[in-house]
Amino acid sequence: MLYKGLQLDRFQEEAIAAINQGTSVIVTAPTGAGKTVIAEYAVEKCLEENRRVIYTAPIKALSNQKYRDFFTEYGDKIGIVTGDVVLNPYAQVLLMTTEIFRNTIFDDIERLQDVSYVIFDEIHYINDIERGTVWEESLIFAPQHIKFVCLSATIPNINPFADWMQSVRDIEIKVVEELKRPVPLEHHLYFKDYGVGAVKHIRQLRNRAQQDARKGKYDPPNNKPAKALPSDFVETRLIPHLQREKQLPCLYFCFSRKGCEGNASALALGAQVQLLTKRQSAEILKQFDELCVLFDIAEEKNIAKFRKLLSRGIAYHHAGMLPTLKEVVERLFTSGLIQLLFTTETFAVGINMPACTVVFDSLEKYDGIGFRYLKAREYHQMAGRAGRRGIDTIGYVYSQIVPAYADEREIKSVVTDKVEPIESQFNLSYSSILNLYDKYGDDIYDVYTMSLSNHQNRVRVAELNEEIKNKTETFQTLPKPECIHDGIDGSDQIQKHYRHKRNREKKLQRLHIEKGQILSETRGKKRKKERAKRLKTVYRNINRVKTTETQSLCNGCEHFQTCSTRFKAIQGTETRIQKLKRRTTVIANDPKEQIAARLRVLEELGYIAEQSILPRGTTASHIYGYEIQLTQLLFSGVFEKLTEDEINCLMVAIISEPRKDGYYKRLKDERLLEIFYAVSSEISDIQNLELKHRVTEITPMLELRFCTAMLAWSRGCEFDQLEKYARLDAGDFVRTFRLVIDQLRQICRAMVGHTALVDKLKRCVEKINRDVVDAERQLRIGQESLAETAAENGDAIQDSTSHQNPNDAEVEDTTSSAS
């Protein structure tokens, strides 16, 4: 089948056939296999049939990119709604984040009555610990007439997942699975300072690196020559190797912002690596300068330094950058002029920007708690960016490891083809619970039975019950201890023996602690007699305890070892059975208990009563994120007491996460601090209730680090002045301010009818949403420039066709149809 001039693969044809049959479809295929074509077909089909379609993406950057792509082709038929941007919200094709879709289901489900298809890009995000519940709630509660196109990277448990999805959806679901990549990958390890090899070389290179380290440390006079490297090992530096082998452009994944910037600077400014010709260098700088003027960032900090990197074909991309500068980098990378892009893992999510090669700076990353090796799913998601379809015959993946410390087992588990199965992260927030309680009342617990979590837990419970059954059968066949003494039960006797032994050891431990205390308290010659007297008592007690050992019938018994072995086997099996039973109970009941715990908190706070939602509950049900804190403050009149700037300051304190590092200017406004103290007291009361009812996720406290920066911005300061108030990357300022805007807009929707307050909150938004923070402005600028480029290209094509020889045109038409 041909679509848009492309010969489709088998899995694409199967998915499109399912769409034509009016069913839902789950498509799982490796990154870069061409899943997007299926989504584009669904969109085009809905447009042709004058039906509405929603395209959801896990991150705003992907929503924005898809919006630009579709807008270039379909113009005003496309709209977008995210937390930052609302453009043409009633369009026939609507781009949005998954959270917005879920919120629409709860807030205004009637808006979805004319929606035919919903496309879930990156559906494997249902596995995400923090956000996965949003995908699950969306699939469960979306109107039943809606059909889904779910696109995902490889899911090993795709069939159980599809079985669950079919159990909550009325329309038939077709599963299409593709395991083969159109561009195969070659996986290599780069042993830092040594060269390119494979997993089989780890042990030998580790020994060599450790030997070299010892030589460097001790430098003995008669060093033995180093062991030769394997014959199939390539001694080289990585970037020169990629240049020589013509394996550029390259996406180089680092797991820190400093790593991205540091590596780029070290190569371009330190090692003076040049990856472009003079002509290419001039072209990329020309495009960069034009885009900087377009997005009004030519005078921003670090632009001159970034320009030097680009002149050598090198750049970096991470969340700490200005969103506009990130977009500039993305456009330049698409042009093919950036040869080496150092980037964090967010670049691997959905954004269609493949390269010839992918490099991992490390196979370990910091996950907020500690360093760990990548999961196979994470590795393959990023590695999948290697290999450009229609350009490369092979994609190359290099993982840098430090050979002296390489863990062969861990590295094998990362680069293996065995990807982890997706797991449910179902976890209803207060607002979700309120929306469901309003609809189902006390039957809300039945809602949990519809979740993927319950579906997977039923399987786990069945497996655990089978294990309990097997262990119980084993337990019943185990031989019991038999005592040689008449009238004595062997099991009771040996149990008594070990209990007596444990008690004796505890007594001896206490006595030895007492002895140490006496020695510490009676130091010196003056207290010698006291010390001797007290120690004599302790030693007498120690001897008394030791002599009780002979009182057990088991001491000296020739059958003791046999009885002991039998007793420990019985005890171990019994303990295991009890643990399995407790685990079964937790799996079966814990999610329901968490819903019940949150309902009890809501009841005590006055949000629900007697299966009905009270005014506070109604307000909180329309706020997604920080809903309890905000509702409490709204009903206590805090927002009326504050100015617009002060409200913005309070909001940033509510949505900010605690940070331990970095400078920030302390808030010194006594009036504000007094109000914040009262707010903290309110939140503390909520926390105490949550602890009382054993809620697992506790409502966070205020974080005041960015308050002075927000106050300054709200009062009109320039963006480059913000670093006086907090040491934060430019992108973090923008993202934090946009989160506040999103939350303020949610409150406006929740407080419809309270005109004075809503007008005040809108003024709050206006004070923040300016310059580089204005996401809608950024998207409009990008949209207009793309439209101009498309128009220019169209004119150029029209102009060139009008001067063609008719015979030439015929030849071109024939070639086109043949391809």
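Modeller: In this predicted model, helix α18 gives the largest share of the lining of the largest cavity, namely three residues.

Colleague: Which elements each supply at least two residues of that lining?

Modeller: Those are α18, spanning 490-521, and α20, spanning 560-605.

Colleague: And how much space lies in the largest cavity?

Modeller: The largest cavity holds about 100 Å³ of space, and of the 13 residues that line it, the closest to its centre are C483, Q493, C554, C557 and C563.

Colleague: What does the lining of the largest cavity look like by class?

Modeller: Eight of the residues in the lining of the largest cavity are nonpolar, four are polar and one is charged.

Colleague: Which residues line the second largest cavity?

Modeller: The lining of the second largest cavity consists of R52, I54, L94, M96, T104, R111 and L112, with strands β4 (52-57) and β7 (93-97) as the elements that give two or more residues to it. By class, that lining has four nonpolar, one polar and two charged residues.

Colleague: Changing topic, is Q687 buried or exposed?

Modeller: Q687, which is found in helix α25 (residues 670-692), counts as buried because its relative accessible area is 17%, and the cut-off for buried is under 20%.

Colleague: What is Q687 in contact with, leaving aside its neighbours within four places in sequence?

Modeller: With those neighbours left aside, Q687 is in contact with I698, T699, P700 and M701.

Technical notes: Residues numbered from 1 in each chain as written. Predicted model: local features only at pLDDT ≥ 70, side-chain atom pairs only at ≥ 80, totals over all residues. Heavy atoms only, no water. Helix = DSSP H or I, 4+ residues; strand = E, 2+ residues; numbered from the N terminus. Buried < 20%, exposed > 50% of the residue type's maximum accessible area, 1.4 Å probe, protein only. Contact = heavy atoms within 4.5 Å. 1 Å grid on protein atoms, 1.4 Å probe; cavity = no way out; pocket = protein on both sides within 12 Å on 5 of 7 lines; lining within 4 Å. Points joined across faces, edges and corners; volume = space filled by probe spheres on them. Nonpolar A, V, L, I, M, F, W, Y, C, P; charged D, E, K, R; others polar.
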